[in-house]
Amino acid sequence: MLTYKRKLILTKAQEMRISSWIGACRVVYNMGLEIRIAAWKNLQKGISKFDLMKQLTEIKDIEWIKDVPAQSLQNTMERLDFSYNNFFRNCYSGGGFPKFANKRKYKSILFKEVSVKENKVKLPKLGELKIFKDAKIEGIPKTATIIKEPTGYFVCIVCDEISKTIQNQDESQVCGIDMGVAYFCVDSNGNLIENPKHFKKYEDKLRIENRILARKRRLSNRWKKQAKKLGQLHYKIGNVRKDFLHKESTILAKKYHTIYLEDLKINNMARNKNLSKHILDCGWGTFRAMLEYKTNVVRVNPKFTSQICNVCNTKDATSRISQSEFKCKHCGHISNADVNAAKNIKSKGIALNR
């Protein structure tokens, strides 16, 4: 599936209507959670999302709920059910029980009917909405989600993925990529991309803004103003990171028709207390997703790729002398450790495709 995010150009009336719909969905979500909790406490009985969807018809006489598209209201029950499923799936690993939706955090509404024409998107009950002109939206639109962000309203359109055909199998247009923290990524041709460390650049400013917020009385007007300022700073950091990832992934996609990439378990790696902040700041998951819809990507198991010599294929953990240096104990081959790993990833990937 492909996801396109575009900024909406709305009138004041349209903004107010969408904001009220998001508020209505939040109320319905909280009502559904309250019903499920009460049913279990009083009757020891679980309620499915379909039972809750049937009860939505009973509150449709309320004007501000009636105005919301029915499928959007049903999606709130699907969100709630998803939260419950996650809780029971992760209850033994610290997963939290579903919480009542906060009005500051519930900021989106989903539409299951959507059509796109040039720089306009058509949604139920809203009609055609203007979007900022950007790259063409490809594929068949399936769903659209309007999200309220610090800089305005955005729409995320999910489309059916278009199959990628590989026209050229030239070996020079194939590469392996090793992800890292010291360097953001290194390819098998020896090209190194520096890690920009976006969060670190803004860390001092974030600490100051957080301290200012902590010294204000909670939910006062000044507290809300400062909370909005802090939110805009976090939003800016996210946009700077996405801009970097888009540019680098586009360069790689234009250069190589097939990329062999490490199949990293990012959530497991982020449990490392010393490196979690740096790993999450890199945005490897987002980078991988961007590459996957821009070019052909093959995920490769990274096991032992940093310990194997790409010349003689000998595995020895002591061959990696330091973070950046690799010297094979068997054949004496000397190389950058990340470049050596990237070449091993490429070899593994080519072997998978044979």
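**Strand pairing and a helix crossing**

Student: How many bridges join strand E2 (residues 108-111) to strand E6 (residues 141-149)?

Tutor: Happy to start there! This is a predicted model, where local features need pLDDT of at least 70 and side-chain atom pairs count only at pLDDT 80 or more. Residues are numbered from 1 along each chain, and side-chain values use heavy atoms, without hydrogens and water. Strands here are DSSP runs of at least two residues, helices (H or I) of at least four, and two strands pair if DSSP finds at least two bridges between them; E2 and E6 run antiparallel, and the bridges joining them number four.

Student: Are H6 and H9 parallel or oblique to each other?

Tutor: The axes, lines fitted to C-alpha atoms over the stretch in contact, with angles from 0 to 180 degrees between N-to-C directions, come within 9 Å for helix H6 (residues 221-255) and helix H9 (residues 284-294), crossing at roughly 40°. Angles under 35 degrees count as roughly parallel, over 145 as roughly antiparallel, 65 to 115 as roughly perpendicular and the rest as oblique. H6 and H9 are therefore oblique.

Student: Is Gln 226 buried or exposed?

Tutor: Gln 226 lies in helix H6, and its relative accessible area is 7%. Buried means under 20%, exposed over 50% and partly exposed in between, with a 1.4 Å probe and protein chains only. Gln 226 is therefore buried.
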